[in-house]
Amino acid sequence: MQSILMALILPAFTAAVLLWLWRKKKTEGMFFRICMIGTAVGACLMIHEAISGDMRTVTELDGTSGSNAMESVDLEVQADSGEVLPVTIRIPEREYTDEEALAILKKQAAELDGMILGKNTSFDRIEWDLDLPDSFAETGTEVSWSSSRPDLIAWDGTLGAEVPPGTAATLYGALKLGETDYAYERNITLYPSKEATAWNTALQHETENENRGNAPDEKIRLPEEWDGRKLTWYEKNKKTGGLLCLLMLLTAFAGCYIQRRKKEEISEKHRKEMTVQYPELICKIRLFTSAGLSLRQCFRRLAADNREIGRCNFEIENGTPEEEAYAHLGERVGTQEYRRLSLLLCQSRKRGGSQFSLQLAEEAQNALETRKRNAKAIGEKAAVRMALPLGLMLLDVLILIMVPAMLSFG
């Protein structure tokens, strides 16, 4: 149960992030639904993987040997209180005396008779590859192998491709533990190898025979019995639940980033458009107010020509105080020009309009100067961008002039 709850942490976190992004309107509805479905599928897969389990209970570790001496083993331990802690156990080295080493080697040499036969039933009939160990992990003993007929049986126990039936040979094993050596010797009789008809090849042929004549889209049936033995097939589970949840989480953040970038691009484009319209807007406001119109009447006339002025006028007509609506205008656009305009409009409402016309005239003059500077900067940037094409064209002209001249002199 605890493993299932732990497996749900990542899907729950992913779902919480997706819900937060959706409530904050940082992701679209269709995108949100796709990510939530993927997260749900990932959660189901992780529950299945948790039930299958990836840990096993151990009561002991392999002792000291040449292969795992001083090796660190990462484990987890659980006390009666239920607390689980990670623990790293280091396997210590062990040294043997000559007498102990010799006794161990003799014992291991005696064990080799029962270890190396593999699928063979007797040393008098070797027709399967021998299982020749290269070490004893529990003590660190190293074993090297050779034979009197290396052309028929290799050092790793593999039979040759063509072995005459009943060929006599001698198998040699050299056991070494520390500085102590011990020799192992065994007479064997070799026969043609049966490895070609071993499990993999035999079951492959059995499967092909059983499914011969199947339609292309029909499922492949696996044999339930072979050579008088009942077969049970297994396939490794794929650990995809966690990866799917992480993918959905990354997809959600990527979608939010793309959406935020789009909003920023739209906002930047809108600010540029409003900045271009600003001098004309100021001149119209000055013209209408000079003609005796109030700010509210002025905004009604300008609502159709400027979207932000239209929104400001809409707020005023729906009950928003004028000063608050003017403040919203500068906040929405976000440029210095419109913030100054909002400040002028608010001051006009508070102090009256005695100086408002002069302030508008000054602001209109500043806006026109700003437009000229911006236009000049854009022109300078265009000139810089044109420098490279012009340079390439000049290079082409020089080549067209110099190459014929050089060829004529040559």
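Modeller: A polar contact is a pair of N or O atoms within 3.5 Å; within protein, one must be able to donate a hydrogen and the other to accept it, and residues adjacent in sequence count only if both atoms are side-chain atoms. This is a predicted model, where local features need pLDDT of at least 70, side-chain atom pairs count only at pLDDT 80 or more, and totals for chains, interfaces and linings use all residues. Residues are numbered from 1 along each chain as its sequence is written, and side-chain values use heavy atoms, leaving out hydrogens and water.

Colleague: What makes the link between the side chains of E308 and R332 a polar contact?

Modeller: The distance is 2.8 Å, and the limit is 3.5 Å. R332 is also among the residues that E308 touches, as are H270 and M274; contact here means heavy atoms within 4.5 Å.

Colleague: Why is E308 called buried?

Modeller: Buried means under 20% relative accessible area, exposed over 50%, and partly exposed in between (1.4 Å probe, protein chains only). E308 has 2%, so E308 is buried.

Colleague: How many aromatic pairs does a search of the whole structure find?

Modeller: Four. One of them joins W22 and F32, with ring centres 5.1 Å apart and planes at 15 degrees.

Colleague: Why is the pair of W22 and F32 called stacked?

Modeller: Rings of Phe, Tyr and Trp (its six-membered ring) pair if their centres lie within 6.5 Å; planes under 30 degrees apart count as stacked, over 60 as edge-to-face and the rest as tilted. The planes of W22 and F32 are at 15 degrees, so the pair is stacked. W22 lies in helix α2 and F32 in helix α3, so the pair ties together parts 10 residues apart in sequence. W22, at 42% relative accessibility, counts as partly exposed, whereas F32, at 11%, counts as buried.

Colleague: What makes the pair of F299 and Y326 tilted?

Modeller: The centres are 5.3 Å apart and the planes are at 55 degrees, so the pair is tilted. F299 is buried at 0% relative accessibility, and Y326 is buried at 0% too.

Colleague: How do you know that C35 is in no disulfide?

Modeller: A disulfide is a pair of cysteine sulfur atoms within 2.5 Å. For C35 the nearest cysteine sulfur, that of C256, is 8.5 Å away. C245 is in no disulfide either, with the sulfur of C44 nearest at 9.4 Å. The search of the whole structure finds zero disulfides.

Technical notes. Helices (H or I, at least four residues) and strands (E, at least two) are DSSP runs, numbered from the N terminus. Lists of a residue's contacts leave out its neighbours within four places in sequence.
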